[in-house]
Amino acid sequence: MILGIETSCDETAASVVRNGTEIVSNVVASQIESHKRFGGVVPEIASRHHVEQMTIVVEEALEKADVTMDEIDAIAVTEGPGLVGALIIGVNAAKAMAFAHQKPLIGVHHIAGHIYANRLIEEMKFPLLSLVVSGGHTELVLMKEHGSFEVIGETRDDAAGEAYDKVARTLGLPYPGGPHIDRLAHEGTPSVKLPRAWLEEGSYDFSFSGLKSAVINTLHNAEQRGEEIDVKDLAASFQESVVEVLTEKAKRAVEEYDVKQLLLAGGVAANKGLRTRLTEMFETSDVELVIPPLSLCTDNAAMIAAAGTVMYEQGKRSTLAMNANPGLML
Ligand code: KG4
Ligand code: ZN
């Protein structure tokens, strides 16, 4: 039974997970309302909220799981990457509890967490590929066994979620913009011609800043000429470009690496357009597509506990010298 803690961005979360596969409790305190009026996450405000919420959220997770600290085998916490001031709160709470209750402490990589969210719904079969699409990351990760991660492609500039949020901001939509663009995209048609960054032949890297600029330029040019632009069509065109590149590259990688599963992970995995396209693509394939429910796509602590369980079983431990590491490598 592992207690997971996550505070890397704007969600204070704690969860109890049994055997790395079963969610016993999963509590998430979102700060979105506080950051909304600033159009993005304000790091200092995020840290303050984490301080206020941390103890309450952990107590609630234990209460809902109907367990005491005596029954917890280890404490897993997001060590990085993320906002340093935000990470520090979770890391220190985990260290304090590990010390007070004499429990093993395990520092977890946030992206490993996003990938392991899939293990809460489906057994992992290796080799597998994970398409990680979040606010801070866009990566294709190859896993040959538990706890081993090989990044075969990553974004060279903006992450997919970041591009969604920036485009949304230009369109005057509230933060976080991803879900709003997703909704508008379904009401429009992809009639605006926008670029797709395939990069060099065979590359699994991504780039979204050119697309983002193209959307912003289209909007500004129309404004200057006094022309009306259909925001729904623009959203649909943007989404079409993002989804096409993500899914085509994932499909090519799945074939080249001959994997058994493709796992979707990260906040942008909540995108309906992406989920639908991937589902259609793999409908007749031998490769199993795993897509977590929306609540496990965005930041949560169950995924940290799930990834922490594997590290616990592999004998990996952190010491009380562990510190928040915003630049932690997978
Ligand atoms: O994984 P996550 O919670 O944060 C990081 O670890 O970075 O992902 C948050 C990101 C935000 O950029 C948000 O706009 C995006 O996920 N997102 C979406 C959707 N829901 C959330 N992007 C596109 N479509 C969605 N439906
Ligand atoms: Zn995340």
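This is a predicted model: local features need pLDDT of at least 70, side-chain atom pairs count only at pLDDT 80 or more; totals for chains, interfaces and linings use all residues.

Colleague: How much of the accessible area of ligand 1 does the protein cover?

Modeller: On its own, ligand 1 has 560 Å² of accessible area, and the protein covers 88% of that.

Colleague: And which backbone atoms lie by an oxygen atom of ligand 1?

Modeller: Glycine 135 has a backbone N or O atom 2.9 Å from a ligand 1 oxygen. For glycine 178, a backbone N or O atom is 3.1 Å from an oxygen atom of ligand 1.

Colleague: Which residues come nearest to ligand 1?

Modeller: There are 19 residues around ligand 1, and Gly135, Gly136, Asp165, Gly267 and Asn271 come nearest.

Colleague: How does that shell divide into nonpolar, polar and charged?

Modeller: It's 5 nonpolar, 11 polar and 3 charged residues.

Colleague: What about the space taken by ligand 1?

Modeller: That space is the largest pocket. Helix H4 (110-116), helix H5 (160-170) and helix H6 (178-187) are the elements that give two or more residues to the shell around ligand 1.

Colleague: Switching to the backbone: which peptide bonds are cis?

Modeller: The bond from phenylalanine 126 to proline 127 is cis, with omega near -5°. Proline 127 sits in the loop between H4 and strand S6 (128-133). The bond from tyrosine 175 to proline 176 is cis too, with omega near -10°, and proline 176 is in the loop between H5 and H6.

Colleague: Why point those out?

Modeller: Because most peptide bonds are trans.

Colleague: OK, and what's phi doing at asparagine 19?

Modeller: Phi there is near 55°, a positive value in a residue other than glycine. Most residues other than glycine have a negative phi.

Colleague: Where is asparagine 19 found?

Modeller: In the loop between strand S2 (11-18) and strand S3 (22-30).

How values were computed:
Residues are numbered from 1 along each chain as its sequence is written. Chains are lettered from A and ligands numbered from 1 in the order in which they are written. Side-chain values use heavy atoms; hydrogens and water are left out. A residue is near a molecule or strand if one of its heavy atoms lies within 4 Å of it. A polar contact is a pair of N or O atoms within 3.5 Å; within protein, one must be able to donate a hydrogen and the other to accept it, and residues adjacent in sequence count only if both atoms are side-chain atoms. Accessible areas come from the Shrake-Rupley method with a 1.4 Å probe; for residues, only the protein chains shown count as cover. On a 1 Å grid over the protein atoms alone, a cavity is a set of points where a 1.4 Å probe fits but cannot get out, and a pocket is an open set with protein on both sides within 12 Å along at least five of seven lines; lining residues have an atom within 4 Å of a point. A molecule sits in a cavity or pocket if more than half of its atoms lie within 2 Å of its grid points. Helices (H or I, at least four residues) and strands (E, at least two) are DSSP runs, numbered from the N terminus. Ala, Val, Leu, Ile, Met, Phe, Trp, Tyr, Cys and Pro count as nonpolar, Asp, Glu, Lys and Arg as charged, and the others, Gly among them, as polar.
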